[in-house]
Amino acid sequence: MKLVFATNNKHKLEEVQAILPKEIELVSLKEIGCHEDIPETAETLEGNAMQKALFVKEHYDLYCFADDTGLEVEALNNAPGVYSARYAGPGHDAKANMRKLLRELEGKENRNARFRTVIALLLDEKEYLFEGIIEGTIIDQERGTAGFGYDPIFIPSGYDETFAEMGNEIKNTISHRALAVRKLADFLSTLSVKE
């Protein structure tokens, strides 16, 4: 089965490809000739993921899934949440986003946070949602060079290293995206059993 993953993020593509069953041929937006900046104007992660998947379905008529991920920080009323990628402005600047988050957490004792990924899948005119959540804490300075986004300041519960320190091999087994993709993969494998 050929499935479009509505992203041009190379890191995400690699993470997801490593988890999906081998019989799923994963295709990026670039590979289908989609170079538009797909709108993400919904107020929720679910809404944004579905908006992206619907865009691909409507314009390219291909089976598709899309994800949206947010970092939800307890002391900031679950901000940045749906605005995580553009927290410090429209440029998707990870360093600026981290700096802003750390500034806003200065002096706050509660550093609890969670990463939440929602995947929207469109298949045979049906819509499906899958969610992955990982709890953790925000530390006060960056550690590690692997990963992307907020990985250098997020330590998942039960671990001593940030996502950026542990590297992709471990992260890809425990992360919010990995959990959501595993649910997607399990669902897709039930379909291939039926066919």
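The largest pocket in this predicted model holds about 870 Å³ of space. A pocket here is an open set of points on a 1 Å grid over the protein atoms alone, where a 1.4 Å probe fits, with protein on both sides within 12 Å along at least five of seven lines. The volume is the space filled by probe spheres set on those points.

Of the 34 residues that line this pocket, Asn 9, Lys 12, Glu 40, Ala 85 and His 92 are the closest to its centre; a lining residue has an atom within 4 Å of a point. Strand 3 (64-73), helix 3 (94-105) and helix 5 (176-194) each give two or more residues to the lining, and strand 3 gives the most, with five. Helices (H or I, at least four residues) and strands (E, at least two) are DSSP runs, numbered from the N terminus.

I turn now to the cysteines. There are zero disulfides, a disulfide being a pair of cysteine sulfur atoms within 2.5 Å. For Cys 34, the nearest cysteine sulfur is that of Cys 64, 9.1 Å away. Cys 34 counts as buried because its relative accessible area is 0%, where buried means under 20% with a 1.4 Å probe and protein chains only. Cys 64 is likewise buried, at 0%.

Finally, Lys 57 lies in helix 2 (residues 45-60). Lys 57 is also buried, at 17% relative accessibility. Leaving aside residues up to four places away in sequence, Lys 57 touches Leu 62, Leu 122 and Glu 125, contact meaning heavy atoms within 4.5 Å.

Residues are numbered from 1 along each chain as its sequence is written, and side-chain values use heavy atoms, without hydrogens and water. Local features need pLDDT of at least 70 and side-chain atom pairs count only at pLDDT 80 or more, while totals for chains, interfaces and linings use all residues.

Terms used: Buried means under 20% relative accessible area, exposed over 50%, partly exposed in between (1.4 Å probe, protein chains only).
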